[in-house]
Amino acid sequence: MEEKGQYQCEFCITACGMSFKKTFEAIQKNKEKRRRNLVQFQSHSPRGHDQTTKRYTMTQPRSYPATTDKTVLNHYLELPQDKENVMCEYIWIDGTGEGLRSKCRTLEGVPAQPSDCPIWNFDGSSTGQAEGSNSDMYLYPIAIFKDPFRRGDNRLVLCDVYKYNKKPAETNKRCTCVSAMESVKEQHPWFGMEQEYTLLDYDGYPFGWPKNGFPGPQGPYYCGVGANKVFGRDIVEAHYKACLYAGIKICGCNAEVMPAQWEFQVGPCEGIEMGDHLWMARYILHRVAEDLGVVISFDPKPMTGDWNGAGAHTNFSTLNMRKDNGLKYIEAAIEKLAENHEEHIRAYDPNKGQDNVRRLTGRHETSSIHEFSAGVANRGASIRIPSRVLEESRVLM
């Protein structure tokens, strides 16, 4: 990507009849400008990825808005559609393990289940999942939701990614998760996940923040009300309604501690359903924000300094935990988690813990990434047991 842009720049400069010296100076100036922009981009959205991965995860923040008039789009979206032809948006996780991709195809008739949707392919060399010499990757539909953007009988189709040899792609973590959930299905594992995220303006800076400074200190923003305390509520409201329309088990939302930071909750879901609903909720959030010209960041620490990061807290229980005297099963599970803390930390983000090391510092309502801890109603612990659980001696979800 870098080299292609460089050659285009060189061609344009020399075509203008500039001297070789001026041409060379212009090229160097252009390179330095791109370098400064990249440094600025990294400071706004620190990732810990190498350069090859970064080009697949995000584009460089723009210095100008790129929006279109959605009222014009509505003219086309409202066109009548033949019920025999349904638009299905295939959605999958790309090579970063956190980014989402999608593309659309027409199916004859409304798919009632994932198996009604054919397996499809895509160019894995453009998503960081394959080499150009053998780039075909395959999309296996695994969950279907109603499409809140095109509406009608159109559908969103969540997919697993498989390689040419029919083996799961390296980023296909769902495959092993299905096996794990199947092995403990008699315990009916329930999950509820709280996904925090940050709204960014088109320039990569938090949405609603003053461009040459910072908002007031944290304190009034959590669950806040009022234009001077919350930014981007219309995105949150639109996302909530879109998820309900799609059939996602979204169960709540709230403004978070850092301004322009929000959270939505999904669950309770049993087994693999949790992952499917959370990933589709993330996709819908990206799409809603796209319509409104805002960028969504799930980065654990998008702003350095005295600002809270963003996490995805997981509420969990088994059948035994939900029964009377279930607290002993909770305590047994905590002991097992403590024994494998470092291994789990490496699995919690796509960069083997390097993303979360910026957030889990022991400050800003987090535990230290280097220590495992548990406590009752303690937001600074690795595992927090709600007070009511201790009182009832069982999990209530």
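Biologist: Which residue forms a salt bridge with Asp 147, and how far apart are the closest N and O atoms?

Modeller: Asp 147 pairs with Arg 150, and the closest N and O atoms are 3.5 Å apart. The general idea is that side chains of opposite charge can pair when their charged atoms come close. The rule here asks for a side-chain nitrogen of Lys or Arg within 4 Å of a carboxyl oxygen of Asp or Glu. This is a predicted model, where local features need pLDDT of at least 70 and side-chain atom pairs count only at pLDDT 80 or more, while totals for chains, interfaces and linings use all residues. Residues are numbered from 1 along each chain as its sequence is written, and side-chain values use heavy atoms, leaving out hydrogens and water.

Biologist: How many salt bridges does the count come to?

Modeller: The count by this rule is 14. Another one joins Arg 150 to Glu 89, at 2.9 Å from N to O. Arg 150 sits in the loop between strand S4 (136-146) and strand S5 (155-162), and Glu 89 in strand S1 (residues 85-93), so this pair ties together parts 61 residues apart in sequence. Strands here are DSSP runs of E, at least two residues, numbered from the N terminus.

Biologist: Is Glu 89 buried or exposed?

Modeller: Buried, with a relative accessible area of 6%. Buried means under 20%, exposed over 50%, and partly exposed in between (1.4 Å probe, protein chains only). Asp 147 is buried too, at 1%, whereas Arg 150 is partly exposed at 25%.

Biologist: What about Lys 185?

Modeller: Lys 185 forms a salt bridge with Glu 182, with the closest N and O atoms 2.8 Å apart. Lys 185 is partly exposed at 48%, and Glu 182 is partly exposed at 45%. Elsewhere, salt bridges with shared partners link Glu 89, Asp 147 and Arg 150 into one network.

How values were computed:
Helix = DSSP H or I, 4+ residues; strand = E, 2+ residues; numbered from the N terminus.
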